[in-house]
Amino acid sequence: MIVALIDSGLGLLPTAAWLRTLRPDLDLLLLNDPDGAPWGPKPEQWVVDRVLDTARLALAEGAEVIVLPCNTASVTALEQVRAMVGDGVPVIGTVPAIKPAAAACSKVAVWATAATTASAYQADLIARFGGDADITGVACHGLADAIDRGDLPVIAEAIADAAARTPADTEGIVLGCTHYPLVLDDILAALPPGVRVFDSAEAVAGQTLRRMDALGRPTAGRGTVRVLASGRPAQLPSAAAAFDSGRLLGALPATGPVATAPQR
């Protein structure tokens, strides 16, 4: 069984790495979109069309399960993808872990892209799942783009800037962009001791496996990882080799050794 993961850039790596860890024999199809990235600032219909086209490609390549490990794709196109593929193909979206964070912490910050921070979608999630917690949105300017480039100095600067703008006494940080778990340890190092960090990659991977197993079909594969970049056969970008998740999935640096961002 082939599981396809769709994102504009490296945000698919954390969920894909969890799938590789939990089910090493699973065949993965990673579909990123360097030609169209980033998706966040694009018009809504453009994103819907792009995600639908990518999902059609995934089906043509044999995918039986589709994962959208991308907040923009999930918010904008999840229901459209489900309607297109029908009930026989599970489609798993991604939602920031606001509910568990609000249940565990009284003061929470949601770190996300500027577009997501300003969106009605995030405001609705906070209203629906925030409970009695005091929740603040913190725009992490440039962090996702720097992760896509594997630019470790800029990553460090963006994290430091977001940490400086996070309200004092914050008890929990929700990672509202699927890129951010790639630099989890860097984020933890920039926060005061004891601050908890919540991300959804492991939960999305777990839900993917449950939905996949519920199909009742053989799931064992050869543990392959295939990449399509804007529809073209490719390798993971060399920037992915800066992160443990990327290396686990077979990413290699373009030339010479790569300085690595510490991971959990």
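Is aspartate 213 buried, partly exposed or exposed? Aspartate 213 turns out to be partly exposed, with a relative accessible area of 39%. Here, buried means under 20% relative accessible area, exposed means over 50%, and partly exposed is anything in between, using a 1.4 Å probe and protein chains only.

A word on the model comes next. The structure is a predicted model, in which local features need pLDDT of at least 70 and side-chain atom pairs count only at pLDDT 80 or more, while totals for chains, interfaces and linings use all residues. Residues are numbered from 1 along each chain as its sequence is written, and side-chain values use heavy atoms, with hydrogens and water left out.

Back to aspartate 213, which has a charged partner. The residue forms a salt bridge with arginine 23, and the closest N and O atoms are 3.1 Å apart. Aspartate 213 sits in helix H10 (residues 201-214) and arginine 23 in the loop between helix H1 (13-22) and strand E2 (27-32), so this pair ties together parts that are 190 residues apart in sequence. A salt bridge here is a side-chain nitrogen of Lys or Arg within 4 Å of a carboxyl oxygen of Asp or Glu. As for the names, helices (H or I, at least four residues) and strands (E, at least two) are DSSP runs, numbered from the N terminus. In general, side chains of opposite charge can pair when their charged atoms come close.

Searching the whole structure gives 11 salt bridges.

The search of the whole structure comes up with 0 aromatic pairs, where rings of Phe, Tyr and Trp (its six-membered ring) pair if their centres lie within 6.5 Å, with planes under 30 degrees apart counted as stacked, over 60 as edge-to-face and the rest as tilted. Tryptophan 46 does have a charge over its ring, though: the charged end of lysine 42 sits there, 5.1 Å from the ring centre. For this to count, NZ of Lys or CZ of Arg has to be within 6 Å of the ring centre and within 35 degrees of the ring normal.

Now for the strands. An open sheet of 6 strands runs in the order E4-E3-E1-E2-E9-E10, and its pairing is mixed. Its edges are strand E4 (91-92) and strand E10 (232-234), each of which pairs on one side only. Two strands pair if DSSP finds at least two bridges between them. Strand E3 (residues 63-67) lies parallel to E4, with 2 bridges between them, and valine 67 stands opposite isoleucine 92 in E4. Strand E1 (residues 2-6) pairs with E2 in the parallel sense over 5 bridges, with isoleucine 2 partnered by aspartate 27 in E2. How many of the 6 residues of E2 are buried? The count is 6 of the 6, so E2 is largely enclosed by the rest of the structure. Asp27, Leu29 and Leu31 point one way from E2, while Leu28, Leu30 and Asn32 point the other way.

Strand E5 (residues 107-112) is mostly covered too, with 5 of its 6 residues buried. E5 runs parallel to strand E6 (residues 134-139), and 6 bridges join them; valine 108 has isoleucine 135 as its bridge partner in E6. Another 4 bridges join E5 to strand E7 (residues 172-175), again in parallel, and here valine 110 stands opposite valine 174 in E7. Valine 174 is also 9.3 Å in space from proline 100, C-alpha to C-alpha, although the two are 74 residues apart in sequence. Proline 100 belongs to helix H4 (residues 98-104) and is partly exposed, at 42%.
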